[in-house]
Amino acid sequence: MLLAIDLGTAALKAGLFDADGHPRRVVRHAYPLQRTADGGAEQHAADWWSALCDATAELFAHDRPGDVTAVCVIGQGPTLVICDDDLRDRAPALTWADTRDHAERRRLSAMLGYDVSTYALLPRISWLAQAQPAAFGPGAHVMQAYDFIAARLAGGPFASQFGAWPPFSTDEFARAGLDPAWIPPVHTMGTVVGVTRGAWHAQSHLPAGIPVIAGVYDSVSTTIGAALVERGRACDFGGGSGGFGVVCDAPLSGPGVGAWPGVVDGQHLIGGATASAGLTMDWFARTFGGREEFRSTLAQAADVPSGAEGLIFLPYLAGERAPLWDDELRGAFVGLALHHRRPHLARAVCEGIACGLRHIAQIVAAAGGHTEELRVCGGTARYELLNQIKADVLGVPVLVPRVVDASLLGAAIIAAVGTGRYADYASAAERMVHIERGLRPDERAHTVHDAQFDEFLRLTALRIR
């Protein structure tokens, strides 16, 4: 069995998978996210670790830990952890949703002579080193969140690298006035970094000697777990943030979108992550009656006509990432009228999230990318109305995988390749990813959404100004 661990923003998920991608068991353990008025979004590594130990205890109440052949941890990012040689964290983790490094990113971009990526950890490290210098005393290590958890299992700090981009650069550190000694050893995604051992691992309910495989950001793991191995296949990353990426044969570029290596050599993923798709669904459920009421509201929203009878939702409750990259942008319901009820609002939220995906897809299409199908992933893929609305808004078939936790399945695939079960990610993904069902776009609904999307863009432009 392969043990996959996904350190998400809202919860840790852990699953046992066989070599054909079938889940034996999947569990989820939540933890809090602390937000502050100045844009902070922090978590405590102790909460992550407790969630991991609780999850493995639950898994191994039914399955033998000795049957695990490898473990891979993937997860949220860019999320920064500062720890010591003994893997004790020295400050709260700065999650990807923390925006307090915004000015520091601009300063470093000017200093280095190029735009520092929003996905880079460098500005967070620089900001925290100024805000809490005591955390960076002797023996300090900077780590990605999921690597921190894997390091506790493997008994020593390390950093995982995806493709040609190391998570930390000694040159950038030196030029930014940071200490390169903070950078731990770097291992490529999918390689064995060690085996389970040490004091921390003893709490994990795993036996010693199990290979620990270097992981990756959850967005990359999702593309693996969704089998994006052919040109034209796209996915919605799901999770708290969401996003859109499609396989292309060249590293296309467009305003506000990026390109990164695909699963297959020579292929590229074009698109980007949004800020709060899944979090917005959670916000609506929490604000308008709770989870049980939300299910009923969604069922009623299915009877509301496409376009929500003139109601438009701008899904910018936490700013927006791709393609706008504006932390200060905020959401809105526009067009509220006396005839609108809660189901109208729910449908408008779903349509707004789908329009956010279409915004990215439209820029990718203008750059030469072609989308043939959209594979939905994460918790939002369990909302059938949202799935159909995505098909109708984007005008492409939506495919729902049997395992919608694609990032978690991606971790199992990485573990399978890392231990030699498969020769490469493409063959492993095609073998281990299974499609449950497909939804086709409704042509009449798509026509309505064409006009709605134009208004969505116009209203967004007004909000930015």
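Is arginine 233 buried or exposed? In this predicted model, arginine 233 is buried, with a relative accessible area of 12%, where buried denotes under 20% relative accessible area, exposed over 50% and partly exposed the range in between (1.4 Å probe, protein chains only). Residues are numbered from 1 along each chain as its sequence is written. Local features need pLDDT of at least 70 and side-chain atom pairs count only at pLDDT 80 or more, whereas totals for chains, interfaces and linings use all residues; side-chain values use heavy atoms, with hydrogens and water left out.

Arginine 233 lies in strand β14 (residues 233-236); strands (E, at least two residues) and helices (H or I, at least four) are DSSP runs numbered from the N terminus. A polar contact of 3.4 Å joins the side chain of arginine 233 to that of glutamate 430. Such a contact is a pair of N or O atoms within 3.5 Å; within protein, one must be able to donate a hydrogen and the other to accept it, and residues adjacent in sequence count only if both atoms are side-chain atoms. With neighbours within four places in sequence left aside, arginine 233 is in contact (heavy atoms within 4.5 Å) with Ala227, Leu228, Gly245, Val246, Val247, Glu373, Arg375 and Glu430.

Strand β14 is also among the elements that cover the buried residues of helix α7, together with β6 (70-75), β17 (268-273), α12 (406-418) and α13 (425-432). Helix α7 (residues 218-225) is mostly covered, 6 of its 8 residues being buried: Val220, Ser221, Thr222, Thr223, Ile224 and Gly225. After α7 comes alanine 227, with a positive phi near 55°.

In helix α8 (277-287), the residues Ala277, Gly278, Thr280, Met281, Phe284 and Ala285 are buried. Viewed down the axis of α8, its buried residues fall within an arc of 160°, so they line one face of the helix; the arc is that of the directions from the helix axis to the C-beta atoms. These buried residues pack against α9 (291-301), β18 (312-314), α10 and α11 (384-394). Just after α8, glycine 289 has a positive phi of about 110°.

The model holds 2 cavities of 30 Å³ or more. The largest contains about 60 Å³ of space and is lined by Thr274, Ser276, Ala277, Pro315, Glu320, Ile353, Gly356 and Leu357. Helix α10 (residues 342-366) gives the largest share of this lining, 3 residues.

The second largest cavity has a volume of about 40 Å³. Its lining includes Asp236, Ala277, Gly278, Ile353, Leu357 and Lys390, and α8 and α10 each supply at least two of the lining residues.

The second largest pocket has a volume of about 1000 Å³. Of the 42 residues that line this pocket, Arg35, Ala97, Asp98, Thr99 and Ala318 are the closest to its centre. Helix α8 provides the largest share of the pocket lining, 5 residues.

Key. 1 Å grid on protein atoms, 1.4 Å probe; cavity = no way out; pocket = protein on both sides within 12 Å on 5 of 7 lines; lining within 4 Å. Points joined across faces, edges and corners; volume = space filled by probe spheres on them.
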